[in-house]
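Keep the structure in view as you read.

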Amino acid sequence: MEMNQPAPPNALDQNRHGQIGRPADRVDGRLKVTGAAPYAYEVKEGDPPAYGFIVEASTAKGTIALIDSQAAERAPGVLMVMTYRNAPKQAGRSLDIEDRFARPRPYLNDPVVQYYGEPVAFVVAETFEQARAAAQLVRVTYAAEQGEYELQASLEKAEKPRGDKSDKADSSVGDFEPAFAAAAVKIDARYTTPFHIHAQMEPHASLAWWEGDRVIIHCSTQMLESAQKRVANTLLIPEDRVRVVSRYIGGGFGGKLPVFADVILGALASRELGRPVKTALTRQQMFHVTTHRTQTVQRLRLGASRDGVLAAIGHEAWSHTSRTDDYYEPTAQSTRYMYAGPNRMTRHRSVHLDLPDADSCRAPGEAVGMLALECAMDELAHALQMDPIALRLRNEPERDPEKDIPFSTRQLVACLKEGARRFGWNERNPQPGQVRDGRWLVGMGMCAAGRANQLKPAKCKVKLTGDGRLEARMSMTDIGTGSYTVFSQIAAEMLGLPIESVDMKLGDSDFPETAGSGGSFGAASAGSALYDACEKLRTRLAQSAGIDPLEAQFGDGKISGGGKSASLARLAGDDGVEADGEIKPGEMEEKFSQQAYGAIFAEVGVDIDSGEIRLRRMLGVFAAGRILNEKTARSQAIGAMIWGVGSALHEEAVVDPRHGFFVNHDIAEYHVPVHADIPAIDAFFLPEVDDKGNPLKIKGVGELGISGAGAAVANAVFNATGVRIRDYPLTLDKVLAGLP
Ligand code: MOS
């Protein structure tokens, strides 16, 4: 089906069996906690593997002058040392393919070094330890050049983003500049956000082997179709000669949207050696061999009347990308839909630096853009002496303020009001620096949250088997979000089966195509294909039972209606009954502006002497369409809010401005929130059904909770101390500078 019309009433609305929304335990929970769910590095299939280890460049820009691999080749257990001199032919990099994760990504194809940590050799040995030891013996000297690694120092070189998305880089409605100049109350502020690293628990890893001229790759990736295409495009082989499998994934966060050197080099080496090759990136290697989120510089200008009506909204954003890539962080995209205002302008500019590719990381765009927008709204509220919630209520748009189309559903106002009530917002002292609890200055802050809702094409195949079980197959992944579980609930509801009777098969590129997990579109896209397949299966079963499909009821392993009844197992027979489902995006995405919304509240304490900031409590109230599983959705929301705390207080990768590498390239030095940082946190979802986006009537949940969340913390710090920090993360040195 294609989303050209709102989704009609369906079996999921009826929810006769109560599966939809139920806080079902994860169907893969037991496998995971008992260690029985094999992650890519743990897959045991085929012949015993050899182990690959990547040697990284120790310069960020230049050319390999000399590479001596003889000592490494003679080291114990070594089977091969691959360098640019003997690497098999691969396609060159190209921006021509629209799916950037499917573009060829060659390694070791020339002596040019374009970023620190770029693979310059690949050592394969009998054991991991032997490969790692031999890797230390590869001698490389470089003709190095000085590169550029600093966004802020290179802003004058900013250019309009390259590539096919560049036409979306700017937007303009009304006439921003004069409207801003004429506004009675103005905010003109500059914000910065640092490099972010995805910091997934599971490192990138792969196991590759060849069966004839077909390569099988188990790896940890969010999008199997893109991975399959990238491998085929890079190795110059047809797509059907590549099978990618990714059954369990220990976190994606955007850092596993593409596949990287472990996959490409592992596949190449396995072909040369005629045996499986297993490769994992070390934690340190992940910082340079994969992607990261760019730093941003942002200028926010808000112009309002004295009673808080926005007349002008301007958001300019600068981000970096590598020399060879065209991705840019869509930093201002939420500013295009969050608030009303007749005169608006957004602009994105890119600076090309000698760093690894920057790419998507946990709510690309909103996560960092709203750190600025939602902070600026707080600054405006303070300047107006207005409550920050009241300011947002005053500027609630009736239609999408840039596209001039209706919203599908938008419950920002309800989220703000319900959040304020649950959090006790009325107890907040609007005067900063007034509330003390012992040695702590205490403050409350809030922000609004919004995240684009998307639908991607997806297909699914379902089969009812003779033992009355339902098997479903999709190339979709579960990156730890609960895909296996929510899809099992959908199938169970549609066929009236217990969830235990559903076998959800995901994570194999041989299964029907989906877009995988990314952009919070996974459940809606793959789930809708599954729904469509189940709907077709229901019709088929009804017809074979001689029951009018409109009257058919499913439950207790039976189909019944019109006085007739038949067992599903009997209808399935020995061969089973199959059905194919498909979803395609359609006109609904042009006719309706689709986002999920929320309101996030934080209370912090700031140590009066040291400036140490501690989160005391945090609450998010969200409206994200129908919720498929209360428990997994809440976990998603809380996890995302915790990343928001990280963006406010902890996360910051630091580049050495002389040598262009991430100095703090491990989790000891790159700080993410830990248990002690998150004392009390909760999330609620308001009832909502959105029939414009997909037949499940859901919206994306995963990235909503991070969108802006850090601004709630920053605004709470201001309320606690009166110190306004615009450079994230808010570390104690920055607070201390402003404390009395
Ligand atoms: Mo997400 S950053 O699109 O995996």
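The buried residues of helix H7 are Ala 261, Asp 262, Val 263, Ile 264, Leu 265, Gly 266, Ala 267, Leu 268, Ala 269 and Ser 270. Buried means under 20% relative accessible area with a 1.4 Å probe, protein chains only. Helices are DSSP runs of H or I, at least four residues, numbered from the N terminus. This is a predicted model: local features need pLDDT of at least 70, side-chain atom pairs count only at pLDDT 80 or more, and totals for chains, interfaces and linings use all residues. Residues are numbered from 1 along each chain as its sequence is written, and side-chain values use heavy atoms, without hydrogens and water.

Ten of the 13 residues of H7 are buried, so H7 is largely enclosed by the rest of the structure. Just after H7, Gly 274 takes a positive phi of about 70 degrees.

Now the cores. A nonpolar core is a set of buried Ala, Val, Leu, Ile, Met, Phe, Trp, Tyr and Cys residues joined through side-chain atoms within 4.5 Å. The largest has 83 residues; Leu 302, Met 338 and Leu 380 are among those with the most contacts inside it. Helix H9 (residues 366-384) gives the largest share of this core, eleven residues. Apart from it lies another core of 55 residues, including Ile 20 and Cys 534.

What of the charged residues? The lining of the largest cavity has eight charged, five nonpolar and three polar residues. Asp, Glu, Lys and Arg count as charged; Ala, Val, Leu, Ile, Met, Phe, Trp, Tyr, Cys and Pro as nonpolar; the others, Gly among them, as polar.

Key: Buried means under 20% relative accessible area, exposed over 50%, partly exposed in between (1.4 Å probe, protein chains only). Helices (H or I, at least four residues) and strands (E, at least two) are DSSP runs, numbered from the N terminus.
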